[in-house]
Amino acid sequence: MRLFKYELKKNILRISVLLLLLALVLVNAYKQYETAKFLGESGIATGVQYKSDLGRPMYEAFKGELSTEKLEEIKSYHEKMGELIHSGDFKPTNESDDRFYSGFAMGDFNESSRTIDRMMYAYTYPNLMIELKERANENIAFYEGRSDYEVRKNRLVAELYIGRKINVYGNYGAFKLYFDYEFSTLVIIVMLIYAFATSFTNEKATGTDRIIRSCHRGKSVYLTKHAVMLLYIFISVVLFTLLDVVRFCSFYDGTFINQPLYAIEEYKYTPFNITILGAIILSTFVKLIALSFVGELVFVISSFTKNAGLAIALSFASAGAVILISERIPSVFSPLSLVNAESWLKDPQFINILGQPVLSFFVQLIFAVVITIALAIICYLKTAYKKKEKRI
């Protein structure tokens with residue numbers, strides 16, 4: 001009878017975890033929709049309420065390989081629409097006209113203006129990098145003999161932006177939304193706490209933790225639980241990364257995922273000379289480290305508590321406190337700030353380490369790894385380490 005009750009309890013727990021996961025996935029899907037609705041580009045989104053896709057026909061006509069001919073064509077069309085609108089014969093109407101991409105002359109005039117701006121960004125990007133390198137060289141000349149650190153930093157800047165160019169025109173709204181999207185990580189943290197907050201609590205409550213250590217099984221139990229936790233984090237992060245990218249690409253064009261990260265205008269000064277796909281993979285890896293920190297924090301709390309409810313409550317409180325603290329301290333000392341890829345992908349930030357300029361991202365990453373290892377050691381000492389008894 002006891003065995004039956006135990007198995008029933010385990011099955012109910014498994015079902016509840018699955019139901020919670022399903023509910024959070026649905027909430028995340030709605031949050032993705034809301035993010036695209038309120039923060040995405042207007043005029044080109046599809047499937048988002050209150051977002052018109054009137055600009056998409058023109059976008060589909062001009063997207064792809066960038067050329068002088070294509071740029072001249074859209075400029076000529078923009079001038080043509082301007083002349084038509086300002087002519088005495090033009091009469092605005094609410095009826096759509098097949099002669100225009102959007103169905104309306106005014107709509108085409110406005111959308112062609114935006115298209116020209118986006119194409120010009122891509123077309124003139126190499127000139128922007130040349131200007132940046134010239135400013136860096138001017139700074140090098142100015143700081144020569146005054147500050148070795150500034151000289152090294154500007155030399156690094158000049159090297160980071162060599163040989164950059166954009167060969168295609170495309171819309172990158174999906175990826176802009178993805179890199180700044182954090183809600184799916186919050187979902188993973190909730191599930192992480194719910195699944196692992198009591199990992200060591202029950203053993204402490206029943207005293208079996210001492211038995212496990214006395215039988216020299218503490219290390220294997222410790223490693224097994226950590227392996228399961230890390231596997232959960234890996235599967236969750238990969239799963240939600242795919243869900244987020246696919247979902248945002250359903251609203252915006254995801255065709256140009258293999259283009260350079262700096263093809264996104266907001267990321268023009270990114271220090272990473274990688275593709276958008278490479279940035280997604282890198283941000284996924286970084287997210288794994290940030291969530292491993294949370295997992296170790298949950299394990300440490302579990303190793304110090306004997307009550308399951310208290311362990312869960314403390315885990316949620318600690319996670320909330322870490323999130324709040326992350327917003328008030330330098331990001332370099334905040335492992336959880338790594339979750340927002342935009343914060344470290346967008347612009348270069350350097351730290352002076354013994355006179356050498358180092359991207360703050362690398363320092364932040366190393367700090368996150370070190371503090372995660374420190375928490376893992378504390379958990380090991382509390383749950384698996386057995387002191388040797390002195391023999392008299």
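Me: Why is K63 called partly exposed?

Reply: The model is a predicted one. K63 has a relative accessible area of 22%. Buried requires under 20% and exposed requires over 50%, so K63, at 22%, is partly exposed.

Me: What makes the pair D253 and K63 a salt bridge?

Reply: The side chains of D253 and K63 meet at 3.4 Å, N to O. The criterion is a Lys or Arg side-chain nitrogen within 4 Å of an Asp or Glu carboxyl oxygen, and the pair therefore qualifies.

Me: Which parts does the pair of D253 and K63 tie together?

Reply: D253 belongs to the loop between α10 (218-251) and α11 (276-304), and K63 to the loop between α2 (56-62) and β1 (64-65), so the pair links parts that are 190 residues apart in sequence.

Me: Is D253 buried or exposed, and how do you know?

Reply: The relative accessible area of D253 is 8%. Because buried means under 20%, D253 is buried.

Me: How do you know that E327 and R328 form a salt bridge?

Reply: Their closest N and O atoms are 3.9 Å apart. The cut-off is within 4 Å, so the pair is counted. Both E327 and R328 are exposed. By this rule the count comes to 13 salt bridges.

Me: What are domain 1 and domain 2, and how far apart do their C-alpha centres lie?

Reply: The domain assignment gives domain 1 as 2-41 + 171-383 and domain 2 as 64-169. Their C-alpha centres lie 37 Å apart.

Me: What area is buried between domain 1 and domain 2, and how many residues are in contact?

Reply: About 1,800 Å² is buried between domain 1 and domain 2, with carbon and sulfur atoms giving 60% of it. On the side of domain 1, Y262, Y269 and F350 lose the most area to domain 2, together 31% of what that side buries. In terms of contacts, 22 residues of domain 1 meet 20 residues of domain 2.

Me: How many polar contacts and salt bridges does the interface of domain 1 and domain 2 hold?

Reply: Seven residue pairs are in polar contact between domain 1 and domain 2, both residues being at pLDDT 80 or more. β3 (350-353) and β4 (356-359) are the elements that give two or more residues to the side of domain 1 that touches domain 2. β3 gives the most, with three residues. By class, this side has 13 nonpolar, six polar and three charged residues. One salt bridge is found across the interface.

Me: Why is L354 called exposed?

Reply: L354 is located in the loop between β3 and β4. Its relative accessible area is 85%; exposed means over 50%, so L354 is exposed. L354 also has a positive phi of about 55°, although it is not a glycine.

Me: What makes S360 count as buried, and which residues does S360 touch?

Reply: S360 lies in helix α14 (residues 360-383). The relative accessibility of S360 is 13%, and because the limit is under 20%, S360 counts as buried. Leaving aside residues up to four places away in sequence, S360 touches V332, Q349, F350 and I351.

Technical notes: Residues numbered from 1 in each chain as written. Predicted model: local features only at pLDDT ≥ 70, side-chain atom pairs only at ≥ 80, totals over all residues. Heavy atoms only, no water. Domains from an automatic or database assignment. Contact = heavy atoms within 4.5 Å. Buried area = accessible area lost by both parts, 1.4 Å probe. Polar contact = N/O pair within 3.5 Å; in protein donor to acceptor, adjacent residues only side chain to side chain. Helix = DSSP H or I, 4+ residues; strand = E, 2+ residues; numbered from the N terminus. Nonpolar A, V, L, I, M, F, W, Y, C, P; charged D, E, K, R; others polar. Buried < 20%, exposed > 50% of the residue type's maximum accessible area, 1.4 Å probe, protein only.
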